[in-house]
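My entries follow in the order in which I made them.

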Amino acid sequence: MRSVTGRLMLLDTASLYFRAYFGVPDSVRAPDGSPVNAVRGLLDFIDRLVRDHHPDHLVACMDADWRPAWRVELIPSYKAHRVAEERASGPDEEEVPDTLSPQVPVIEAVLDAVGIARVGVDGYEADDVIGTFTARARGPVDIVTGDRDLYQLVDDARGVRVLYPLKGVGTLQITDEAVLRGKYGVDGAGYADLALLRGDPSDGLPGVPGVGEKTAAKLLAGFGDLAGILAAVDDPEAGLTPAQRRRLTEARPYLAVAPKVVRVADDVPLPEVGTALPRTPRDPDAVRELAARWGLGGSLERLLTTLAR
């Protein structure tokens, strides 16, 4: 990572291939009839991102463990509703559409053959990989994700922003601190506190009952951060309503553990990997075989042409 001084683009890969899967018709198929809509859609996404934003480095960040045990131990409901099958050892199986699961290995093989760095680390989510790459980067960082949790990494001073797809990747919300303050009343550092107070049903995070997004933003505006809010709970003179004081008091056990669950890790043991944008395929023979086997056609050709520029 010491050499990553240019613009680094980090892909929340699962977030993007899920969007590709639901955004590209499943009539897009390989010669044998297998759906490849997620594969081709992701390749089109990456092509557009590279053309529009000109990264010097590119990493496809992966979920080696989409529901880490250390997070579940702290909040058992964490992503529990997405579990398709519990496993005694290794990550639980996530509920994924039947025609998407077989496409994931194809995506991984294509990224490897093209030479786009692909990084997942046992025991961590892609968000944590992204958080660690971001913490170690010495230049500007573009994080591409459909997951608002990563807003917590936005940092104008360091040039860290989130490219949030609104429609495909042709329409992106370029999320900086001005956007966060306008939408949520917090900056990047405050977004994690907002998220844990508000809760997130899609991640199984209960939040503080009765504290929605607007109330959470007002509390953070008044008391600075979660520590300041909890200090106010203990201060009879602080400007909390009786209901807010009661709700926050009752939620103390949750608030004691939620920060570790909600905040992305920045100390993941990343492997040594070359992150420079590839100009030529790492394995041209594999690229040709994958293109023919899965009928990747124009999507792969366009990406290779863009990378070669």
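Before listing strand partners I noted the rule: two strands pair if DSSP finds at least two bridges between them. Helices (H or I, at least four residues) and strands (E, at least two) are DSSP runs, numbered from the N terminus. The model is predicted, so I kept its limits in view: local features need pLDDT of at least 70, side-chain atom pairs count only at pLDDT 80 or more, and totals for chains, interfaces and linings use all residues. Residues are numbered from 1 along each chain as its sequence is written, and side-chain values use heavy atoms, with hydrogens and water left out.

**Entry 1: the sheet**

I looked up the strand order first. Six strands make an open sheet, ordered β5-β2-β1-β6-β7-β8, with mixed pairing. β5 (117-119) and β8 (171-175) stand at the edges with a single partner strand each, so one side of each has no neighbour in the sheet. From one strand to the next, the twist averages 25°. For angles I noted that axes are lines fitted to C-alpha atoms, for helices over the stretch in contact, and that angles run from 0 to 180 degrees between N-to-C directions.

**Entry 2: β6 and β7**

I then went to strand β6 (residues 141-144), which pairs with strand β7 (residues 160-167) in the parallel sense over four bridges. Which residue of β7 is the bridge partner of V141? The partner is V160. I143 stands opposite V162 in β7.

Burial came next; buried means under 20% relative accessible area, exposed over 50%, partly exposed in between (1.4 Å probe, protein chains only). β6 is covered on both faces: V141 and I143 are buried on one side, D142 and V144 on the other. I wrote down the background for this: in a regular strand the side chains alternate between the two faces of the sheet.

**Entry 3: β1**

β1 (8-12) pairs with β6 in the parallel sense over four bridges.

Five of the five residues of β1 are buried, so β1 is largely enclosed by the rest of the structure.

**Entry 4: α1 on the sheet and against α2**

Helix α1 (residues 13-23) lies across β1, β2 (57-61), β6 and β7, and runs at about 60° to β1. α1 also packs on α2, at an angle of about 115° and with the axes 8 Å apart. α1 passes α2 in a right-handed crossing. I noted the convention: a crossing is left-handed if the near helix is turned anticlockwise from the far one by less than a right angle, and right-handed if clockwise. T13, L16, Y17, R19, A20 and Y21 of α1 make the contact with N37, A38, G41, L42 and F45 of α2. Contact means heavy atoms within 4.5 Å.

**Entry 5: α13**

Which residues of helix α13 (residues 297-307) are buried? I found S299, L300, L303, T306 and L307. They cover an arc of only 125° around the axis, which puts them on the same side of α13. The arc is that of the directions from the helix axis to the C-beta atoms. The cover over these buried residues includes α2 (37-53), α4 (103-114) and α12 (284-294).

α2 and α13 pack at an angle of about 25°, with their axes 9 Å apart. The two helices are therefore roughly parallel to each other; angles under 35 degrees count as roughly parallel, over 145 as roughly antiparallel, 65 to 115 as roughly perpendicular and the rest as oblique. α2 passes α13 in a left-handed crossing. Among the residues in this contact are L43, I46 and V50 of α2 and L300, L303 and L307 of α13.

**Entry 6: two single residues**

T132 is in helix α5 (residues 126-136). T132 is buried, with a relative accessible area of 0%. Not counting residues up to four places away in sequence, T132 touches A265, D266, D267, V268 and L270.

V83 lies in strand β3 (residues 83-85). V83 and E95 are twelve residues apart in sequence and 5.7 Å apart in space, C-alpha to C-alpha. With residues up to four places away in sequence left out, V83 touches W66, R67, D92 and E93.
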